[in-house]
Amino acid sequence: HSSMTHLGVSAIHFAGEFVHYLNTVQDELDAKAPKQSEFMPAAATFNVGTIVGGTAGNILARECEVLWGYRELPGLPIEALGNRAIEWLEKELLPRMKAKHPAATIGTVLRSSTPAFSSEGNDEAKALARSWSGSNTVGSVVYGTEAGIFRKALGVPTVVCGPGDIAQAHQPNEYILASQIDACEGFMHRMIEWCCRD
């Protein structure tokens, strides 16, 4: 019962400490980020997507599930930030939980992992994408794509190119402009023509 907090561990309370830890690390990463960067934001980022736990307002939460993730930037090992967070859970948070209740546990499950990707190199792929898109610019994005898998894991020259804008993604009323679809269709036609050349 919530009136007997000295007898148990609220999983939600300790999950909140983990979220606070992630915010602290984010502040540290932001402070160390370069002032000039091809990426915006210029630091690796953490995100807590969902928190689910507890059964009632007057009962200590037996379980709490935190869905969290991070995006690293090129030049950093993909596992580094995740390993650091898991080490904090095991060495800092879990002992404090067990001090209140010896049966307390923390488990982590890796759902997916995508290597960071840089546009550095890939000159032929970038030249082809510029030709097919009619653009002379190359930029960088901070969201996860399969590009890191193709480039880093498989060694395939890769670019990220597609219709729409991340500013409209993953939110109510998500949309892609018709002009973007038209531009994508033109890109695909030019790519097919290039692939079918003699």
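# Briefing: loop residues and helix packing

Thr-158 sits in the loop that runs between helix H4 (147–153) and helix H5 (178–195). The model is predicted. Thr-158 counts as buried because its relative accessibility is 8%, under the 20% limit.

**Thr-158 and its surroundings**

- A polar atom of the Thr-158 side chain lies 2.6 Å from the backbone oxygen of Val-156.
- Beyond residues up to four places away in sequence, Thr-158 touches Phe-117, Asn-122, Ala-125, Ala-147, Phe-150 and Arg-151.
- One of these partners, Ala-125, belongs to helix H3 (residues 123–133).

- The C-alpha atoms of Ala-125 and Thr-158 are 6.1 Å apart in space, while the two residues are 33 residues apart in sequence.
- With its neighbours within four places in sequence left aside, Ala-125 is in contact with Pro-157, Thr-158 and Val-159.

**The loop between H3 and H4**

- Thr-145 is located in the loop that joins H3 and H4.
- Thr-145 is classed as buried because its relative accessible area is 18%, and the class requires under 20%.
- The Thr-145 side chain reaches the backbone nitrogen of Ala-147 at 3.0 Å.
- Thr-145 also touches Thr-114 and Val-160, when residues up to four places away in sequence are not counted.
- Tyr-143 is another residue placed in the loop between H3 and H4.
- Tyr-143 has a relative accessible area of 32% and is therefore partly exposed, a class that lies between the 20% and 50% limits.
- Leaving aside neighbours within four places in sequence, the contacts of Tyr-143 are Arg-71 and Ile-166.
- Tyr-143 and Gly-155 are separated by 12 residues in sequence and by 20 Å in space, C-alpha to C-alpha.

- His-170 is in the loop between H4 and H5, and its phi is positive at about 55 degrees although His-170 is not a glycine.
- The relative accessible area of His-170 is 73%, so this residue is exposed, the limit being over 50%.
- Asn-173 is also found in the loop between H4 and H5, with a positive phi of about 60 degrees although Asn-173 is not a glycine.
- Asn-173 counts as exposed because its relative accessibility is 72%, again with a limit of over 50%.

**Packing of H3 and H5**

- The axes of H3 and H5 are 8 Å apart, and the helices pack at an angle of about 125 degrees.
- The crossing in which H3 passes H5 is right-handed.
- On the H3 side the contact is made by Leu-128, Ala-129, Ser-131, Trp-132 and Ser-133, and on the H5 side by Phe-187, Arg-190, Met-191 and Trp-194.

**Packing of H1 and H2**

- H1 and H2 cross at roughly 145 degrees, and their axes come within 11 Å.
- H1 passes H2 in a crossing that is right-handed.
- H1 contributes Phe-14, Glu-17, Phe-18, Tyr-21, Leu-22, Val-25, Glu-28 and Leu-29 to the contact.
- H2 contributes Leu-81, Arg-84, Ala-85, Trp-88, Leu-89, Leu-93, Arg-96, Met-97 and Lys-100.
- Apart from its neighbours within four places in sequence, Tyr-21 is in contact with Arg-84, Ala-85 and Trp-88.

**The nonpolar core**

- The largest nonpolar core has 19 residues, and Phe-18, Tyr-21, Leu-29 and Leu-93 are those with the most contacts inside it.
- Helix H1 (11–32) and helix H2 (80–100) are the elements that give two or more residues to this core.
- Phe-18, Tyr-21 and Leu-29 are also among the H1 residues in the contact with H2, and Leu-93 is among the H2 residues in that contact.
- In soluble globular proteins, nonpolar side chains tend to be buried together.

Key: Residues numbered from 1 in each chain as written. Predicted model: local features only at pLDDT ≥ 70, side-chain atom pairs only at ≥ 80, totals over all residues. Heavy atoms only, no water. Helix = DSSP H or I, 4+ residues; strand = E, 2+ residues; numbered from the N terminus. Contact = heavy atoms within 4.5 Å. Core = buried A, V, L, I, M, F, W, Y, C linked by side-chain atoms within 4.5 Å. Buried < 20%, exposed > 50% of the residue type's maximum accessible area, 1.4 Å probe, protein only. Polar contact = N/O pair within 3.5 Å; in protein donor to acceptor, adjacent residues only side chain to side chain. Axes fitted to C-alpha atoms, helices over the stretch in contact; angles between N-to-C directions. Left-handed = near helix turned anticlockwise from the far one by under 90°.
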